[in-house]
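Here's a quick tour of this model, starting from the inside. Keep the viewer open as you read.

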Amino acid sequence: MNRGMSGFGIIILLLILLIIGYAGYQVARVHFNYSTVSEKIENTVRIGPVQNDDMIREELIRAAAETKVLLLPDNIWIDHSVPDSFRIYVEYEDSSSIFGIFTYNRKFVIDKVA
């Protein structure tokens, strides 16, 4: 008579679920970082004209570093050319290693105008 899964089967199932959960977390973390950086850029666009461009870049780089995202000054463009508007355009790459075997890479572009 079959009474269900054996103890070994349950351990294997739990191990598979943990591996899937960890891989999902690593992928989701990259997207969570994107939303955090995007929100910071949106807030900066709202108050941006108060600061000079170098201060804005420094603040964005510092805020991104808190979420372990590397932003470079060359990848942050600040545009004042359109009257009554302010634009920040940012490009960056983020990646996550899954067990050191697979790497999830993603290039992000954030373009905010106020």
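This is a predicted model: local features need pLDDT of at least 70, side-chain atom pairs count only at pLDDT 80 or more; totals for chains, interfaces and linings use all residues.

## Around Ile88

Residues are numbered from 1 along each chain as its sequence is written, and side-chain values use heavy atoms, with hydrogens and water left out.

## The core

Ile88 also shows up, with Ile41 and Tyr92, among the residues with the most contacts inside the largest nonpolar core, which has 17 residues. Such a core is a set of buried Ala, Val, Leu, Ile, Met, Phe, Trp, Tyr and Cys residues joined through side-chain atoms within 4.5 Å; buried means under 20% relative accessible area, exposed over 50%, with partly exposed in between (1.4 Å probe, protein chains only).

At least two core residues come from each of α1 (7-47), α2 (53-66), β1 (76-79), β2 (87-98) and β3 (102-113). Helices (H or I, at least four residues) and strands (E, at least two) are DSSP runs numbered from the N terminus. The largest share, 4 residues, is from α1.

On α2, the buried residues are Ile56, Arg57, Leu60, Ala63 and Ala64. They sit on the same side of α2 because they cover an arc of only 135° around the axis, taken from the directions from the helix axis to the C-beta atoms. They pack against α1, β1 and β2.

Turned away from that buried side, the other face carries the exposed Asp54, Glu58 and Glu66. Just after α2, Lys68 takes a positive phi of about 65°.

Methods
Contact means heavy atoms within 4.5 Å.
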